[in-house]
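Subject: Structure for your review

Dear colleague,

Please find below the structure that I am handing over to you. My notes on it follow.

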Amino acid sequence: MFEAGHIFNNKEEMKLELGKKCLLEHFEFKVDRSSKTRYEVSCMGDGCEWRFKAHAIPCGNLWFVKHMNDSHTCSKTQTHPHFRQANPKVLGHFLKEQLKDSGRIYRAKEIVKDFRQRFEVEITNLQA
């Protein structure tokens with residue numbers, strides 16, 4: 001999905017997919033450049049070679065992957081206490097299936113516990 005040439009419907013979809021990838025693969029990225037036409041991110045690990053670059057296609061909302069180096073040269077065990085990419089959109093994507101027809105009240109404390117068990121990620125009550 002993230003190989004060069006892949007096309008996303010819009011920037012938000014691309015950012016959501018990147019956030020999900022980071023959560024599942026236990027790493028964080030920082031945004032190096034973000035504008036209406038470019039989006040470049042790199043791994044937070046010191047000296048890591050992981051990179052992602054995408055550009056907008058003129059005359060529309062489509063974005064294409066220009067470059068993707070999916071190899072980490074960092075130790076992904078050096079995680080930060082709270083994943084930057086664990087934002088409400090990414091967390092909501094993983095929660096929406098659970099909440100679809102359940103009718104249950106899912107409190108922040110339970111969400112924090114579930115993410116710790118499912119993804120081995122610490123999130124705050126505010127993120128939850």
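The chain holds three helices and five strands, where helices (H or I, at least four residues) and strands (E, at least two) are DSSP runs numbered from the N terminus. Read from the N terminus, the order of these elements is β-α-β-β-β-β-α-α. Please note that this is a predicted model, in which local features need pLDDT of at least 70 and side-chain atom pairs count only at pLDDT 80 or more, while totals for chains, interfaces and linings use all residues. Residues are numbered from 1 along each chain as its sequence is written, and side-chain values use heavy atoms, with hydrogens and water left out.

Overall features

Of the 128 residues in the chain, 36% are buried; buried means under 20% relative accessible area, exposed over 50%, and partly exposed in between (1.4 Å probe, protein chains only). The chain exposes about 7900 Å², and carbon and sulfur atoms supply 50% of that area; the areas come from the Shrake-Rupley method with a 1.4 Å probe, and for residues only the protein chains shown count as cover. Among contacts (heavy atoms within 4.5 Å) between residues at least 6 apart in sequence, 50% join residues at least 24 apart.

Helix α1

Helix α1 covers residues 11-25, and its 15 residues should span 21 Å at 1.5 Å a residue, which agrees with the 21 Å between its end C-alpha atoms. The expected span is 1.5 Å times one less than the number of residues. Just after the helix, H26 takes a positive phi of about 60°. The buried residues of α1 include M14, L18, K21 and L23.

Nonpolar cores

A nonpolar core is a set of buried Ala, Val, Leu, Ile, Met, Phe, Trp, Tyr and Cys residues joined through side-chain atoms within 4.5 Å. The largest has 19 residues, of which M14, L18, F29, Y39, V41, W50 and F52 touch the most other members. Two or more residues of this core come from each of α1, β3 (38-43), β4 (51-56) and β5. Apart from this core lies another, of twelve residues, among them F94, Y106, V112 and V121. Leaving aside neighbours within four places in sequence, M14 is in contact with F8, Y39, F52, A54 and W63. In soluble globular proteins, nonpolar side chains tend to be buried together.

Salt bridges

How many salt bridges does the structure hold? There are six, a salt bridge being a side-chain nitrogen of Lys or Arg within 4 Å of a carboxyl oxygen of Asp or Glu. In one of them, K21 pairs with D70, the closest N and O atoms being 3.2 Å apart. This pair links distant parts of the chain, with K21 in helix α1 and D70 in the loop between β5 (63-69) and α2 (88-99), 49 residues apart. K21 counts as buried because its relative accessibility is 10%, whereas D70, at 41%, counts as partly exposed.

E40 meets R38 in a salt bridge (2.6 Å, N to O) and also meets R33 in a salt bridge (3.6 Å, N to O). E40 is buried, at 9% relative accessibility. R33 is partly exposed at 45%, and R38 is partly exposed at 30%. Through salt bridges that share partners, K21, E25 and D70 are joined into one network.

With kind regards
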